[in-house]
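Subject: A structure for you to look at

Hello,

Here is the structure I promised to pass on. Have a look at it first, and then read on for a short tour of what turned up in it.

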Amino acid sequence: MDFQECQSMSWADVFTSFDGRLTRKPFWIAFLCLLLPEMLAHLATDQRGTSVVSLLLAYPQFAVFTKRGRDRDVPAWVPGLFIAGGAVLDLMVLLDLIGPLTQPNALFYALGVPVAVMGLVLLADFGFRRGTVGPNRYGRDPLEPHRVGMG
């Protein structure tokens with residue numbers, strides 16, 4: 001069973017829509033596709049450039065994490081809190097409210113450490129644990145065959 005068969009959504013939907021559930025394989029593919037531009041920006045630009053790229057990717061990251069969270073029966077506010085925390089950190093970099101990462105200040109630690117821990121927990125949970133078996137409040141199980149005319 002390939003991605004299209006089990007998901008019934010396009011790659012554009014994966015990155016832009018908040019509807020449906022996303023299994024682990026397409027989640028990892030989408031996650032890596034979103035991580036690559038951030039890594040390239042980190043290598044090619046300064047901290048401010050990386051923050052701009054990160055802010056531009058916040059919407060598709062939120063869409064991907066929300067759909068994967070729905071497969072795990074997690075409400076959208078949980079990945080939303082993580083994405084918002086990252087966006088606040090990026091804005092703080094752009095406004096020079098936190099120092100360079102080589103000399104971070106207390107404000108960076110106060111916000112950055114909880115966001116990093118939450119990101120690691122979400123990545124472990126969403127990336128390695130199977131979604132809810134069967135339908136949940138967000139829709140049918142994308143790994144179960146779609147049955148038409150049940151009755």
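This is a predicted model: local features need pLDDT of at least 70, side-chain atom pairs count only at pLDDT 80 or more; totals for chains, interfaces and linings use all residues.

Residues are numbered from 1 along each chain as its sequence is written, and side-chain values use heavy atoms, with hydrogens and water left out.

The overall picture

The protein chain has seven helices and zero strands; helices (H or I, at least four residues) and strands (E, at least two) are DSSP runs, numbered from the N terminus. Following the sequence, you will read the pattern α-α-α-α-α-α-α. The C-alpha trace spans about 65 × 25 × 20 Å along its principal axes. Of the chain's 151 residues, 40% count as buried.

Salt bridges

There are seven salt bridges in the structure, each being a side-chain nitrogen of Lys or Arg within 4 Å of a carboxyl oxygen of Asp or Glu. One of them pairs Asp71 with Arg21, and their closest N and O atoms are 2.8 Å apart. Asp71 sits in helix α5 and Arg21 in the loop between α2 (11-16) and α3, so this pair ties together parts that are 50 residues apart in sequence. Both Asp71 and Arg21 are buried.

Arg129 counts as partly exposed, with 47% relative accessibility, whereas Asp125 counts as buried at 17%. Salt bridges that share partners also join Arg21, Arg68 and Asp71 into one network.

The largest pocket

How much space lies in the largest pocket? The value is about 1000 Å³. To find pockets, a 1 Å grid is laid over the protein atoms alone, and a pocket is an open set of points where a 1.4 Å probe fits, with protein on both sides within 12 Å along at least five of seven lines; lining residues have an atom within 4 Å of a point. Grid points are joined across faces, edges and corners, and the volume is the space filled by probe spheres set on the points.

The largest pocket is lined by 32 residues, and the closest to its centre are Glu38, Ser54, Phe82, Gly86 and Asp90. Helices α3 (24-44), α4 (47-56), α5 (58-71), α6 and α7 (106-128) each supply at least two residues of this lining. By type, the lining divides into 19 nonpolar, 10 polar and three charged residues. Here Ala, Val, Leu, Ile, Met, Phe, Trp, Tyr, Cys and Pro count as nonpolar, Asp, Glu, Lys and Arg as charged, and the others, Gly among them, as polar.

On the surface

Leu91, Leu95, Leu97 and Leu107 form a nonpolar surface patch with about 390 Å² of accessible area together. Such a patch is made of residues with over 30% relative accessible area and no salt bridge, with nonpolar side chains (Val, Leu, Ile, Met, Phe, Trp, Tyr) joined within 5 Å and, for charged patches, like charges within 9 Å. The areas come from the Shrake-Rupley method with a 1.4 Å probe, and for residues only the protein chains shown count as cover. Leu91 belongs to helix α6 (residues 77-94) and is partly exposed, with a relative accessible area of 44%.

Two backbone angles to check

Most residues other than glycine have a negative phi. Asp73, in the loop between α5 and α6, has a positive phi of about 65° although it is not a glycine. Asp73 counts as partly exposed at 32% relative accessibility. Asp96, in the loop between α6 and α7, has a positive phi near 55°, and counts as exposed at 59% relative accessibility.

Enjoy exploring!

Best wishes

Methods
Buried means under 20% relative accessible area, exposed over 50%, partly exposed in between (1.4 Å probe, protein chains only).
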